[in-house]
Amino acid sequence: MESTTTVEQRTDMLSFDGFRNAVMQDYRIAVVSREVSLLGRREVLTGKAKFGIFGDGKEVAQVAMAKFFQKGDFRSGYYRDQTFMFATGLATVEQYFAQLYADPDIEHDPFSAGRQMNAHFATPFVDEAGNWLDLANRKNISSDIAPTAGQMPRSLGLAFASKCFRSSTHKKELEHLSNNGNEICFCTIGDASTTEGHFWETMNAAGVLQVPLAVFVWDDGYGISVPKNIQTTKGSISTALRGFQKGEDTNGINIYKVKAWDYAGMCEVFEEALHQLRDTHVPVLFHVEEVTQPQGHSTSGSHERYKSPERLEWEKEWDCLKKMKEWMIENELATADELAELEAEAKTHVRESRNLAWEKYLAPIKAQAAQAAELIRGTMVNDIDLYGKLQQQAKDLQNNKEPLRRDVLRTLALAMELAPQSPSVAELKAHSQSLWEESKALYNSHLYNEGPKSAMNVQEVKPLIPSDAPLVNGYEVLNKYFDALFTSNPKVYAFGEDVGHIGDVNQGFAGLQDKHGKDRILDTGIRELTIVGQGIGMALRGLRPIAEIQYLDYLLYGLQPLSDDVATTHFRTKGQHSCPLIIRTRGHRLEGIWHSGSPLGMMINALRGLYICVPRNMVQAAGFYNTLLQSNDPAIVVECLNGYRLKEKLPSNLLEFTVPLGIPEVIREGTDITIVSYGSTLRIIQDATDRLAKEGISCEVIDVQTLLPFDIHHQIVESLKKTSRIVFIDEDVPGGASAYMYNKVMEEQKGYQWLDAAPRTITAKAHRTGYGSDGDYFGKPNAEEIINVIREVMAE
Ligand SMILES: Cc1ncc(C[n+]2csc(CCOP(=O)(O)OP(=O)(O)O)c2C)c(N)n1
C-alpha cells in the first residue's frame with residue numbers, strides 16, 4: 001500500500017491519468033503519515049509507549065524526495081523521516097508502531113528489534129552470517145542515531161564510497177555493492193542541528209571531496225524551543241553557506257531553496273538536482289523552508305510554550321497537507337469528495353495497523369504471563385494464607401492488560417520469596433531462568449559479531465621468522481605489510497592526515513600512494529570527526545577502510561561517532577549492519593602534553609562494541625590488522641609512537657599471520673611477582689625487571705595485547721597462582737585502564753584468592769605529561785618507580 005513509485009508508474013506519469021495517480025498516491029502516503037503522527041502521540045500520552053517523536057509537517061517534502069531515491073542509494077537521516085520510509089516502501093505503518101512499542105521481535109520491528117526509540121530506521125546490509133547483501137540492488141537505510149547531526153559524518157562516508165567504487169579497478173568483483181558509484185547518499189537534518197560542528201565539517205569535506213551527497217535541511221525555524229536566529233548566522237543555513245556554492249571553476253556544493261508545502265516545486269528541483277548529482281558527484285544541499293511542526297517537537301512538551309499565537313496560526317495556514325490538497329483541487333487532480341474519502345480510508349488503515357502491531361507486541365508477553373500465572377497457581381504450599389496470596393499474585397499477573405516481561409519475572413521472584421520452602425520452587429526457578437535466557441537474546445545480544453565474522457573466531461597463525469630474516473625498523477615492517485595488503489585486497493583503503501603523499505608521519509605508507517594510487521591511499525584535511533565518518537560509511541558499504549588518527553591524543557575529536565555510532569551499530573540493528581572500520585593510530589609516550597596520550601580508560605569505557613588492540617611492536621600490529629581484516633568487527637589499533645625506529649625481524653608470511661584477540665603473551669617468565677601491562681611501558685618494565693633480577697627478584701611480565709577483549713582464557717590468574725603477587729602498570733591516569741585490568745583479574749578471574757600481598761597499580765600522573773625527557777620521566781611510570789613499588793610488594 002505504501003510502496004514507492006515504480007518504473008511503470010513513472011512511465012505512466014507521462015499521461016494525465018498516470019500523473020494524477022502518482023500524485024494521489026503521494027497525497028495518500030502523506031495523509032497516512034500524518035495520521036500515524038497523531039495516533040502515535042496519543043499512544044504515548046495514554047501510556048502504551050514511553051516516548052514519541054514524529055514527522056508531521058515534513059510529509060509533502062518527503063514524498064517528493066522519495067521519488068528520486070533509487071535502488072543502490074543510501075539514506076543517513078534522523079527521526080523525522082517516517083514519510084520517506086513509507087513512500088520508499090521501506091517501512092509499514094504496522095512496523096512503525098511496533099517500534100514505538102519497543103517490540104523486540106525483529107520480524108515486527110525490522111529496524112532495531114525494539115532497541116531504538118521510534119522513527120530510528122534501518123534496512124539490513126548484511127545477512128546472518130555477516131555477508132554483505134546486494135546493496136546495489138536495494139534501497140538502503142543506515143541506522144539512525146539520536147545525537148543531533150550524528151548522521152553527518154557517516155553520510156560523508158556513504159557518499160565517499162561511491163567515489164571509491166567509481167574509481168575502482170575491481171568493479172566486477174564489487175558489482176553487488178555498487179553500480180559504478182552512481183549511488184547517492186540522501187542525508188536529512190533539522191535546521192537547528194546544522195549548528196553542530198559535525199554539519200560544517202561534513203559540508204566542507206564534501207565540497208572538497210566532491211561526493212554524491214544530497215543534504216535536505218528541514219527548516220521549521222526551531223531546535224525544540226530555540227529559534228533559528230539564535231542557531232544560525234543570518235538565521236538561514238543557505239545564506240550562511242553561500243561561500244560553499246560551487247563556481248564554474250571551483251569545487252563546492254550546489255545549494256537550492258524550496259518550500260515544504262510546494263509539492264510541484266520540490267519535485268521539479270529535486271529531480272533536476274539529483275539527476276545531476278548522480279552523474280557529477282557535486283554535492284547538493286536543499287534548504288527546505290517553511291516547514292511546520294503541527295504537534296511540536298516530541299511527546300515531551302508542548303510548542304504553545306514557545307511559539308507565538310501568530311506562528312501557530314501561520315503553521316495551520318501553511319500546513320503542507322492543506323496546501324497540497326488545495327493545489328490538487330485547483331489543478332483538477334481530485335475533487336474535495338475524493339480526497340475526503342481517501343483521508344477516511346487512510347485513517348482506517350492506520351488504526352488497523354496500529355491495532356495489529358499492539359496485538360502482536362503483546363501476544364508473547366501475555367503468553368509468558370499466562371504460563372507464569374499457571375505455575376504460580378499450582379505452587380504447592382500447606383498454609384491457606386500463603387495459598388491465597390499466591391493465587392492473588394497469579395490473578396494479578398493474568399489480569400494485567402499490558403504486562404511487561406519484567407512484570408512476569410518480578411511476579412515469579414515474589415512467588416518464590418513468599419514460599420521458599422515449597423517443592424514447586426525448583427520449577428519456578430527453572431522457568432524464571434529460561435525467561436532470563438530468552439530476554440538476554442532479545443535485549444543483551446549483538447554487541448559484537450557473534451557468528452563466523454567475529455574477530456574472536458579468527459584462527460591464530462604464528463609469524464614465520466626465518467633464521468635469515470632481515471632486521472628492519474618497525475615502520476618498515478608496516479610499510480612492507482601495507483604494500484602487500486594493498487596489492488592483495490582491493491577493498492582496503494587508507495586515509496588520514498599526511499597518509500597519502502608522504503605516507504604518514506612515521507612512513508608506514510611511504511611510497512605506497514605512488515604504487516597503489518591516490519584513490520586508495522589518500523590525504524585528508526585535518527578533520528578527525530569526519531575521517532571517522534568517512535570510514536564508517538565506507539565500512540557499512542562493504543569496503544575495508546583503515547582510517548588514521550594521526551596521534552592518539554586527537555582521538556577525542558573523533559570519539560563521538562566512534563562511541564555513538566560505530567560502537568552501537570551492530571547492537572542497535574541486532575546484527576543487520578556491520579561496520580568493520582579499523583582506526584589506526586599511534587600513542588603512549590613521546591613528547592609533551594598532546595603527543596604522549598594513552599587515554600585507554602576513556603577508550604575502553606566509551607567504545608564497548610569495538611576491539612582495542614595495543615600491540616607492543618609493529619609485527620604484532622600487522623598481525624592484528626590481519627586478524628581484523630578477516631572479521632566484521634570494528635577496532636582501534638594503537639601503535640607505539642616510540643616503536644617505529646626500533647629493530648624487528650621481518651616475518652616471511654606477512655599477509656597470513658594473525659594475532660588472536662584477548663590472548664595475553666608472557667614475555668618474561670618469573671616466579672616472584674606478576675606484572676601486567678601493554679604497549680610502550682613494556683620497554684620501561686624490561687629495564688626495571690632486568691635490574692630487579694640482579695637483586696634476585698624474578699618477575700613474570702605479561703603483555704595483555706588487547707584491552708577489549710581482555711584475557712579471555714584467564715591466563716593472568718594462572719600466573720598469579722604461581723607468584724601470589726601482582727602489579728598492573730600503564731601510562732593512563734590513575735584509576736584508568738590499570739584499574740580496569742585490576743578489576744578484571746581480581747573480580748572476574750577471582751584473583752584475590754591467590755594474593756599474598758596487596759595488588760598495586762602503577763600509572764602516569766593525573767596531570768598531562770610535561771614536555772622534554774624529564775617531563776616524561778616524572779609524568780609517566782619510570783623504571784625507578786616500578787623497582788621501588790615492586791620491592792615494597794616483595795617486602796610485604
Ligand atoms: C547532541 C545532542 N544535543 C541535544 C539533543 C537534544 N535534542 C534532540 S532534538 C533537538 C532539536 C533538534 O532540532 P532540529 O535540528 O531543528 O530538528 P527538528 O527536531 O526540529 O526536526 C535537541 C536539542 C540531542 N539529541 N543531541
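Predicted model: local features only at pLDDT ≥ 70, side-chain atom pairs only at ≥ 80, totals over all residues.
The structure contains zero disulfides. Cys185 takes part in none, and the cysteine sulfur nearest to that of Cys185 belongs to Cys187, at 5.9 Å. A disulfide is a covalent bond between the sulfur atoms of two cysteines. For Cys187, the closest cysteine sulfur is that of Cys185, and the distance of 5.9 Å is too far for a bond, because the two sulfur atoms of a disulfide must lie within 2.5 Å. Cys185 counts as buried because its relative accessibility is 0%. Cys187 is also buried, with a relative accessible area of 0%.

Helix H5 spans residues 93-100 and is mostly covered, with seven of its eight residues buried. The buried positions are Val93, Gln95, Tyr96, Phe97, Ala98, Gln99 and Leu100. These buried residues pack against three helices, namely H2 (16-45), H4 (82-87) and H13 (336-377). After H5 comes Ala102, which has a positive phi, near 60°.

The side chain of Gln95 reaches the backbone nitrogen of Thr92, at a distance of 2.9 Å. Leaving aside residues up to four places away in sequence, Gln95 touches Leu90, His108, Pro110 and Phe111. Gln95 and Asp109 are 14 residues apart along the chain, and their C-alpha atoms are separated by 5.3 Å.

Thr585 is located in strand E13, which covers residues 582-587. With a relative accessible area of 1%, Thr585 is buried, since the cut-off for a buried residue is under 20%. A polar atom of the Thr585 side chain lies 2.8 Å from the backbone oxygen of Ile549. Ile549 is also one of the residues that Thr585 touches when positions up to four places away in sequence are not counted; the others are Gln550, Tyr551, Leu552, Ile636, Val637, Val638 and Glu639.

Glu656 is found in a loop, between strand E16 (647-649) and strand E17 (665-668). The relative accessibility of Glu656 is 47%, so this residue counts as partly exposed; the exposed class begins over 50%. Apart from residues up to four places away in sequence, Glu656 touches Val461 and Asn626. Between the C-alpha atoms of Glu656 and Lys58 the separation is 52 Å, and the two residues are 598 residues apart along the chain.

How values were computed
Residues numbered from 1 in each chain as written. Heavy atoms only, no water. Helix = DSSP H or I, 4+ residues; strand = E, 2+ residues; numbered from the N terminus. Buried < 20%, exposed > 50% of the residue type's maximum accessible area, 1.4 Å probe, protein only. Contact = heavy atoms within 4.5 Å. Polar contact = N/O pair within 3.5 Å; in protein donor to acceptor, adjacent residues only side chain to side chain.
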